[in-house]
Amino acid sequence: MARLKRFPFIVMGFVLLIAVWQIAAIIGGHQAALFPPPLKVGEALVSIIVDGSIFTHIQISLFRFFTGYVTAVFVAVLLGLVLGRLPVVWQVLDPVVQVLRPVSPIAWSPFIVLWFGIGNMPAIVIIFIAAFFPVLLSTVSAVKKVDKTYLRIAANFEMSQVETLWKIVLPASFPMVANGLHMALGAAWIFLVAGEMVGAQSGLGFLIVDARNSLSLDLVMACIVVIGGLGLILDKGIHYFETWVNRIWGGTQ
Amino acid sequence: MAGSLVSIDGVSKTYGEHGPLVLNNVSFNIAKGEVISILGKSGCGKSTLLNCIGGFEAMNEGQVLLDGKPITKPSKRCVMLMQNYGLLPWRSVRKNVELGLESAGLPKQEAEERVTHYLQMVGLTDRATSLPSELSGGMQQRVAIARALAIQPEVILMDEPFGALDTFTRYYLQDELMQIQQREKMTIILVTHDIDEALYLSDRIFIMKPNPGEIHKEVSLKLAKPRDRSDSDFQHYRELIFNEFQFTQEKATIEFNI
């Protein structure tokens, strides 16, 4: 019901956006090639959908995105679980992480191309870096906040370290980790485009660079619309996942 | 002492290097199948004592022996029931009860039979697939009791297990616990500040007084179980313990008057 009520507002927002855009195009008096009006972008969008080229790019982009993101989540959660349980080691590593974290993944791109070549790898590595730190930090702090009662139970039932991590610490910290996954997803999606501008020959980021080079700004804008739309879908997807986690884990929240 | 299951032998504990003495030379023995209450006000060290017995906290002096062997760390032989139940919210009732059996190396079928048996004992067979958050507080504590019983420990430690429940549920669960204890003959050490609870459940009551935490008095209850809360003998013991607390309170008012 709530979503149905929100629907008119969502429509209104987009109508307003397109209207402002159209008005700006008319009043601004720019050439349509430099500042494409909505209709032209719509045409470009339809054309790449009809000839199917956009789907190949979406496919390869999503492949890179999920490869980088899932690998980052896997490594960061595992590392976070262990580091969260080793406070002394974390005290040593935390400053290092704090220095590395604010560096934009793009800053590493010269090294990434040198080390990983061109093709899929630069984009995957950049997405990996973008997703890695939010997940690591939220996992470590989630593990530190695990209710001491659960750890007492683990000790009482003579669980091994690995068992405690797997059966107690991971599930107990899962709601906070899920929140980190959500944040990381947004960050990683933002860096997908930048990552594909570095040495890729396909994908949405490449498509933008390619369209710019041939001065098809309507195509650039159409690409931006696609990227925004996909980002929204991904965000909604993980949002549902997070809601599900919180419902199951709701008992202690 | 021969014949005792748990021996608490000269246990003293301070927090920190020069901290206050929390437990001062506490000694007593518990026989197999006995129900013991440690009764005292908040801050008298009764929970600390229970943690020492369970191996959750180290003591400065003395030792706790289980079957003649010193307890140094928590073990399945001595299971603690917490006031907030300590159920894992992401596991169903059944999976919670199963928790302690998973690493016990039991054949799968036997483990499942045991879970079913103890769930039945606490009357929660039909809630086996529920999540803890879908149960009332009383039901949650019954799950915790089933989980503790399932690993068949020698001693069950209870830290104010019914403290968070309303009076009716509390009475009901006390009855249930006593019936289970009569049947299973497990040894229970119960920490509480509820005089009626201690009287209703225990064979012996140790009254603790604070600063430093010491056993002030031991009361042996020679009343047949199940007990009648309105019985005159029951009231007699109640008065006896009540007087003890009057005494310790008088002493305490001087120190706590700020």
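**Close-up views of chains A and B**

Seven residue pairs are in polar contact between chain B and chain A, both residues of each pair being at pLDDT 80 or more. A polar contact is a pair of N or O atoms within 3.5 Å; within protein, one must be able to donate a hydrogen and the other to accept it, and residues adjacent in sequence count only if both atoms are side-chain atoms. The model is predicted, local features need pLDDT of at least 70, side-chain atom pairs count only at pLDDT 80 or more, and totals for chains, interfaces and linings use all residues. Residues are numbered from 1 along each chain as its sequence is written, chains are lettered from A and ligands numbered from 1 in the order in which they are written, and side-chain values use heavy atoms, with hydrogens and water left out.

**View 1. The contact between chain B and chain A.** Contact (heavy atoms within 4.5 Å) involves 25 residues of chain B and 18 residues of chain A. The two chains bury about 1,900 Å² between them, and 65% of this lies on carbon and sulfur atoms. Buried area is the accessible area (1.4 Å probe) that two parts lose on being put together, summed over both. On the chain B side, B:Met82, B:Pro89 and B:Trp90 lose the most area to chain A and together make up 30% of what that side buries.

**View 2. The salt bridge between the chains.** One salt bridge is counted between chain B and chain A; the term stands for a side-chain nitrogen of Lys or Arg within 4 Å of a carboxyl oxygen of Asp or Glu. B:Glu102 pairs with A:Lys167 in a salt bridge, with 2.9 Å between the closest N and O atoms. Strand β6 (residues 78-81) of chain B supplies three residues, the largest share of the side of chain B that touches chain A. Helices (H or I, at least four residues) and strands (E, at least two) are DSSP runs, numbered from the N terminus. By class, that side of chain B has 13 nonpolar, seven polar and five charged residues. Ala, Val, Leu, Ile, Met, Phe, Trp, Tyr, Cys and Pro count as nonpolar, Asp, Glu, Lys and Arg as charged, and the others, Gly among them, as polar.

**View 3. The two domains of chain B.** Chain B is assigned domain 1 (4-77 + 153-256) and domain 2 (87-152), with bounds from an automatic or database domain assignment. Taken over C-alpha atoms, the domain centres are 26 Å apart. Domain 1 of chain B brings 16 residues to the contact and domain 2 of chain B brings 15 residues. These domains bury about 1,200 Å² between them, 68% of it on carbon and sulfur atoms. In domain 1 of chain B, B:Lys76, B:Pro153 and B:Ile180 lose the most area to domain 2, together 40% of what that side buries.

View 4. One salt bridge is found across the interface of domain 1 and domain 2 of chain B. B:Glu176 forms a salt bridge with B:Arg142, and their closest N and O atoms are 3.3 Å apart. Helix α5 (residues 167-184) of chain B gives eight residues, the largest share of the side of domain 1 that touches domain 2. That side of domain 1 divides into ten nonpolar, one polar and five charged residues.

**View 5. Two backbone features of chain B.** The peptide bond from B:Asn211 to B:Pro212 is cis, with omega near -10 degrees. B:Pro212 sits in the loop between β9 (204-209) and β10 (214-220) of chain B. B:Asp67 is not a glycine, yet has a positive phi of about 60 degrees; B:Asp67 lies in the loop between β4 (61-66) and β5 (69-70) of chain B. Most residues other than glycine have a negative phi, and most peptide bonds are trans.

**View 6. A salt bridge within chain A.** Chain A has ten helices and zero strands. A:Arg64 and A:Glu196 form a salt bridge, the closest N and O atoms being 2.8 Å apart. The pair links distant parts of the chain, with A:Arg64 in helix α3 (residues 53-84) and A:Glu196 in helix α8 (residues 161-196) of chain A, 132 residues apart.

**View 7. Confidence along chain B.** Chain B averages a pLDDT of 86, and 95% of the residues score at least 70; pLDDT is the predictor's confidence in each residue, from 0 to 100. Among the elements of chain B, helix α7 (residues 232-256) has the lowest mean pLDDT (70) and strand β8 (residues 187-192) the highest (93).
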